Amino acid sequence: MRRVERRAKYILITLDAGTLILHLGMSGSLRMLSAAVPPRAHDHWDILLDTGQVLRFHDPRRFGSVLWTESDPHAHPLLAKLAPEPLSAEFDAEYLYRATRKRAVAIKQFIMNSQVVVGVGNIYASEALFRARISPRRAARRISRAQAQALAQAIKEVLAEAIKIGGTTLRDYVNAEGTPGYFRQKLFVYERAKQPCRVCKTPIKQFVQGQRSTYWCANCQR
């Protein structure tokens, strides 16, 4: 095992002969264990290391995947067209503003497009738009430079805060140590339909957008 890195939602494990491209799905996790530890339910595969340990993949929902490539993994069809990382310097207000020009799609769906920016899922898109005070229905091309600045900053802040406290557990997600993510306690709108907005007390609204639930405050996000 030569190197471990991440690109978007993929983990890249470089070995002498090639690279494993892993996706954890919705509930997958990787753990380093002794090879003597018997598999549990939903443990699907091991990589046996020279140390006698195994890298074990656990995935209750079976949405994860593993692929093998002997070529440059960044040129793989799954990765080649991916956009900038949201926490990188490349993703900033100017980049986001330029990308939105002439795009009529709703801004929430726009920022969830991995060819625009990677890693902004449904929960964090709703939360970032709330922080930036932008309606999720607004056409991408209609956001101003100031709104692009607010949204780019909100995306970075939401993701950084979620990473710091382990992500967001809504149902059965846990990390490799079996610990849930605690960002749910900090959610302002997601899965809070009909509950009062934490800022203005207006009931949070919910609607389906691109086959995903969207949550927003009609007063704060005009």
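Residues 24 or more positions apart make up 54% of the chain's contacts with a separation of 6 or more. The model is predicted. Its chain has 222 residues, and 45% of them count as buried. The C-alpha atoms fill a box of roughly 60 × 35 × 25 Å along the principal axes.

The chain contains 4 helices and 9 strands. Read from the N terminus, the order of elements is β-β-β-β-β-β-β-α-α-α-α-β-β.

Strand S1 covers residues 3-7 and runs antiparallel to S2, with 5 bridges joining them. Across this pairing, arginine 6 stands opposite isoleucine 11 of S2. S1 and S2 form a hairpin, with 2 residues between the strands. Alanine 8 lies in the turn and has a positive phi of about 55°.

S2 also pairs with strand S3, residues 19-23. This pairing is antiparallel too and spans 5 bridges. Tyrosine 10 has histidine 23 of S3 as its bridge partner. A hairpin of 4 residues connects S2 to S3. Strand S2, residues 10-14, has 4 of its 5 residues buried, so the rest of the structure largely encloses it.

Helix H4 was examined next. Its 20 residues should span 28 Å at 1.5 Å a residue. The end C-alpha atoms of H4 are 29 Å apart, which agrees with that expectation. The buried residues of H4 include Leu151, Ile155, Val158 and Leu159.

Across the whole structure, a search finds 5 aromatic pairs. One of them joins phenylalanine 130 and phenylalanine 188, whose ring centres are 5.3 Å apart. Their planes meet at 20°, under the 30 degrees that count as stacked, so this pair is stacked. Phenylalanine 130 lies in helix H3 (residues 122-132), whereas phenylalanine 188 lies in the loop between helix H4 (145-164) and strand S8 (205-209). The pair therefore ties together parts that are 58 residues apart in sequence. Phenylalanine 130 has 6% relative accessibility and so counts as buried. Phenylalanine 188, at 25%, counts as partly exposed.

Tyrosine 190 and tyrosine 215 form an edge-to-face aromatic pair. Their centres are 5.0 Å apart, with 65° between the planes. This pair also links distant parts of the chain. Tyrosine 190 is in the loop between H4 and S8, and tyrosine 215 is in strand S9, residues 212-216. The two residues are 25 positions apart. Both tyrosine 190 and tyrosine 215 are buried.

Aromatic rings also meet charged groups. The charged end of arginine 101 sits over the ring of tyrosine 97, at 3.9 Å from the ring centre. Likewise, arginine 137 places its charged end over the ring of phenylalanine 207, 3.8 Å from the centre.

Terms used:
Residues numbered from 1 in each chain as written. Predicted model: local features only at pLDDT ≥ 70, side-chain atom pairs only at ≥ 80, totals over all residues. Heavy atoms only, no water. Buried < 20%, exposed > 50% of the residue type's maximum accessible area, 1.4 Å probe, protein only. Pairing = 2+ DSSP bridges. Phe/Tyr/Trp six-rings, centres within 6.5 Å; stacked < 30°, edge-to-face > 60°. Lys NZ or Arg CZ within 6 Å of the ring centre and 35° of its normal. Contact = heavy atoms within 4.5 Å. Expected span 1.5 Å × (residues − 1).
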